[in-house]
Amino acid sequence: MNLLTLLIFIPLLAGLVIAVMPSSLRGSFKYITLLTAVIQLVLSVLIYLNFKTGATHAGVVHEDQFQFVQKLPWIRLNLGGVGDLQIDYFVGIDGVSVTLLVMSALVMIVAVIASWEIKTNLKGYFILFLILDMAVFGVFSALDFFLFYLFYELMLLPLYFLIGMWGGPRREYASIKFFLYTLFGSVFMLLVMVGLYLSVKDPVTGNHTFNIIQMMNPANYDAGSVFSALSHQTILGMPARMVGFVVLFIAFAIKVPVVPLHTWLPDAHVEAPTPVSILLAGVLLKIGGYGIIRICAGIFPDAAVQSSYWLGLLGVISILYGALNALAQRDLKRLIAYSSVSHMGFVLLGIASFTAEGISGAIMQMVSHGFLSSMLFFLVGVVYTRVHDRDIYNFRGLATLMPSYTLFVVIAFFASLGLPGFSAFVAEAFSLAGAFKSANTNGLLPQWMAACGALGILLGAGYFLWTLQRMFFGTPLLKGGESWKLSLTDINWRERSALIPLAFMALLLGVMPSLVFNKINDSVLLLVDFTRQFIK
Amino acid sequence: MAQTLPYQQLTTCYYALTAVVLPVLAFAVNFFLKKGKAAGWISTIAIGATTVFAAIVFKQQWNAPLIHATIPWFTIGGTAVNAGILLNNLSVLLLLLVNVIALPVHIYSMAYMSHDEGFSRYFTYLSFFCFSMLALVVVDNLVLFYAFWELVGFSSYLLIGFWFTRDKAVQANKKAFIMNRIGDVGLLIAIMVLFSQYHTFDLNALFSADGLVANSTLTNGLWINGTSTIPAVWQYLACAGLFLAVAAKSAQFPLHTWLPDAMEGPTSVSALIHAATMVAAGIFLLGRVYPLFSVHELDALAIIGCFTAFMAASIAITQNDLKRILAFSTISQLGFMVMAMGIGAYASSLFHLVTHAFFKCLLFLVAGAVIHEMQHIRDENKLDFDPQNILYMGGLRRKMPITFITAVIAGLALVGLPFTSGYLSKDGILIQAFEWSDTKAGVFKIIPILTLITSWLTAFYVARLVFKVFFGKFRLSEVNPGLKLHVHDGPWKFNVPMIFLAICCLFPVFSLNPFLYEHAWIYKSFLPSNFLERMNPYHTIIPIALNILSLLVIYWAYAVYVLDKKLPLKQNNWLFAFSYYQWYFNEAYQKVFVQPVLAISTGLFAFDRKGIDGLIHFFNRIILWVAKLSAAIDRYVVDGFLHFVVALVRQIGNFARSFQTGRVQYYLLTTVVAIVAWVILKILI
């Protein structure tokens, strides 16, 4: 059995098991889900350990270099004169995806642990959770655009219900906003997907294909087809390939999220229950970054390098805008949501540089942010479940009341603001170094972008330290008085068990970044090499 | 190790590594041990052992060819980043210095912090600081340098905010970290520039005597390194970034304001971190990257260093907080070092760094001992006063003789009077400043002159401090006659470190000749860049003039503060206020930077809510409106038409139905009428 397929579909199996179990056994649902997540982690670590590196395993544009591949014909429909409709179940990974799988698996476990706080309608909750789980791994592994799109859309539905049913007071607003925003992007993605399908032919069978890797090879495009580089087709007066790129980029930019397409995120986070926030920030945002690397830059490299200036600019704007907005927040969770916007800006900036340092930094930042944002949202959840309040000004001196909790907060805050020794430092430093180097090597980004991005690091220190000062230090003073003081007990073993692995991973990757860089380096170099030929 | 080193060098490397690793082990042990008095001994023993290793490394490596050992760390793209250590005179000197200062401070701290609840937390942090600082001085590449640079700042953050329930302490540590972050951003930008120009992070490859930087040139607005040529502006940016880093860590204008606030931390911390070691890291950085700076950039360094020295000294003369005076004095002395770097007195700058570390650390330990006693008085008599305010002190020399004597030695060294270490290092800087200004345009004379004035200001504030604290009468007793006073020297854990440091403030430690700085062994080991002849008259005139005037200034201070002569200068004028309020830097920064940034952030958030979300909601409303419209059309137009048709059919039906009455007579009548009508019509047509 293919490990990757197993990894993707185990949650579905667990979901089915839960679905047929009677509600009287609802206490066991969380354990089943936890077990699933643990098995997934074991599988993903196995995949990570067996993942081969070297120039012959780089992947990206070489189908035969992908690993853990499973390719099965799925939908074959004879369309008469047009040929066959060819949709495959095609999964496989390369350096771009392998580390994201491990990260997602760990974050899943943390999200399950955070799900202990869910008390209502457990069956529905865990089934939706597991469907989401499956979709996430599917998205990271799918190499057939149709399959990718299927998983991509499949994430939306459970999330809509998870926020809309188990969320906070304004959950309906937040969930519909989230849903429509994302749908807006993906509907147009569907059009581009069909356009690509009609443009690309499998060189072996001669059929049109959804194979993403084959879409990356200009030779596979039909002469005169809409997305063929040679035919110079236009859509509404703009080059078709540019339109295709922009449409796909907008779809993924909403997911990242990139300013100004980000406003679903703070609302979704604020209303979502803790585990959903963790999944949202930890895993789902990464799908945006992953999509930009794999789909946008892979299929439309020419348009990507042409518009890299604008991508970089949007990245810098996201960094600064997110950070400044975070500075203005009173709600701790909203603050962290905006800090996510800022941190994901580094991903976009790194990718836009199209240098090995920049893209490696971007992938590292995705992995690192996966751990750190999960940790941050988990920590917010700790306070919120205890007193159902998150307003920064309603708390003071938590360090005295909850010392262990504060220790983890300090670790998470400092790791997030890029303290060396933690993963975010390496990630941000190299995203910026790549962006800076770009002017010298490929001339895509001006140096001031990196310099402005560096200001984001400064602002990051500002909002995190200010929060520490206001909420955690000083003499204890709580809005809820004595009753809050009684409720605010220090973290328990369950919460520790979620936080310690995250903190440990952030530290480990900070000290030994080679754990990520070794696995991704060949793919990144190939991607940079591949895109370089399109830079004029 | 990647490359094979001779056995001797390899052992040196391992000793240096051990010296770095021991404190972090102590940190880990203390971290997991949590509570307990053992923490103090664990950290102290670790630092003691580290000192031994550092001394061995120093002995083997001083004036020996440099050692550079690396192992691969990670590869990113085509760049292999190594981790390694680089041992040359500069790094081994600091390795030893940090340890020699840290060990007495550890011993002192065990007594100073003994009654604090956070005793073990204190030593956990302290060990972490020592680790970061020691690693900083031996690492061999810019990435690691940046990492430890920031970790040093982070440990300083932890220690400034050690008493985290005090609002002032927490505000101070936030300020310190953010100010240092500005420097970090500068350093990061400089690293990025250097990396994109030279494609390496290796300090040795970059900055060694025959390194990449030394071989690249700035000509015609271009920065040329072999084949790679980029505009010279990037070289300026790199230097500006490095300067920001130096200014943040070493508290130079314009980033100096965090250091006085950092005095909220425990005094022992101030002694180690904010006087002797961490703040010297900026000078150390300058020492590492020195070849990068061009002549004009060095001039800028000299100007800023000199200005900082003067500014801080002018503030120190009016402050009343014992630790604040010392903090401003530190800023001032660091200004001397930066200036020395700027005028090319590389050796003197580092020499002054070393001597300053000893006497400033000692002054802080003295301050700690005094404050400890003042707190004791406060708690014993249940009073409420600021134990750090020198206006409440006085006459402590009889009660605390050891403290007093060590304070005087340290004070004299700080002033730079003969037979002290400070004389050797500071006069060297002054003399070279005059020599340097001779080679420059006339305007540059201001710099040595301002430096001279700063020296006299130094003499004044040191004298004021010593006289106010140790001479005269104990002022609190004058206000509260019934005060219970149990004031005495501290325990051995106070005295031994202080006496040790006091010995290190004297000339024999550095030079057998008390008057000639050129004979100091530290000075001789760094290639002095401007080796002018001793014949130069500056070498005699300046020390004499300086010291005679300094003595006069000290006597003047004695007259004012001990003999109670009236101060010839009024205290209610703007000059005094300007000095007392620290040149209003804090207020200005608050107005110019902090408040605008907060305003912008609030504005942007409003934009986020009203602008972007407003637009989304606007679309939402349009779509809803269109939806309503189409619903209305559906209802009234499409359905309306249908209903109309239906109604029409019904009407017709109703009309036709009216004929269906069911009565035969009507039907007959109708038939007859129809036939008649038809016949008539037929006839007529």
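**Helix packing, strand pairs and domains**

In chain A, residues L265(A), P266(A), H269(A) and V270(A) of helix α9(A) meet K333(A), R334(A), A337(A), Y338(A), S340(A) and V341(A) of helix α13(A), a contact being a pair of C-beta atoms, placed from the backbone, within 7 Å. The model is a predicted one, in which local features need pLDDT of at least 70 and side-chain atom pairs count only at pLDDT 80 or more, while totals for chains, interfaces and linings use all residues. Residues are numbered from 1 along each chain as its sequence is written, and chains are lettered from A and ligands numbered from 1 in the order in which they are written. Helices (H or I, at least four residues) and strands (E, at least two) are DSSP runs numbered from the N terminus.

Two packed helices are described by the angle between their axes and the distance between the axes. For α9(A), residues 264-271, and α13(A), the angle is about 140° and the axes are 9 Å apart; axes are lines fitted to C-alpha atoms, for helices over the stretch in contact, with angles from 0 to 180 degrees between N-to-C directions. The pair α9(A) and α13(A) is therefore oblique (under 35 degrees is roughly parallel, over 145 roughly antiparallel, 65 to 115 roughly perpendicular, and the rest oblique). The α9(A)–α13(A) crossing is right-handed, meaning that the near helix is turned clockwise from the far one by less than a right angle.

Further along α13(A), which spans residues 332-353, sits F346(A). F346(A) counts as buried because it has 34 C-beta neighbours inside 10 Å (20 or more other C-beta atoms within 10 Å make a residue buried, 12 or fewer exposed, and anything in between partly exposed). Leaving out residues up to four places away in sequence, F346(A) touches I319(A), Q365(A), A427(A), E428(A), S431(A) and G453(A).

Now for the strands. In chain A, β1(A) (residues 67-78) runs antiparallel to β2(A), joined by nine bridges; strands pair if DSSP finds at least two bridges between them. R76(A) stands opposite Q86(A). Seven of the ten residues of β2(A), residues 84-93, are buried, so this strand is largely enclosed by the rest of the structure.

Chain B also has an antiparallel pair, with nine bridges between β1(B) (residues 67-76) and β2(B) (residues 79-87). Here F74(B) faces V81(B). The two strands make a hairpin with two residues between them, and G77(B) in the turn has a positive phi of about 60°.

Chain B is assigned domain 1 (294-480 + 539-580) and domain 2 (588-679), with bounds from an automatic or database domain assignment. Over C-alpha atoms, the centres of these two domains of chain B are 86 Å apart.

How values were computed. Contact = placed C-beta atoms within 7 Å.
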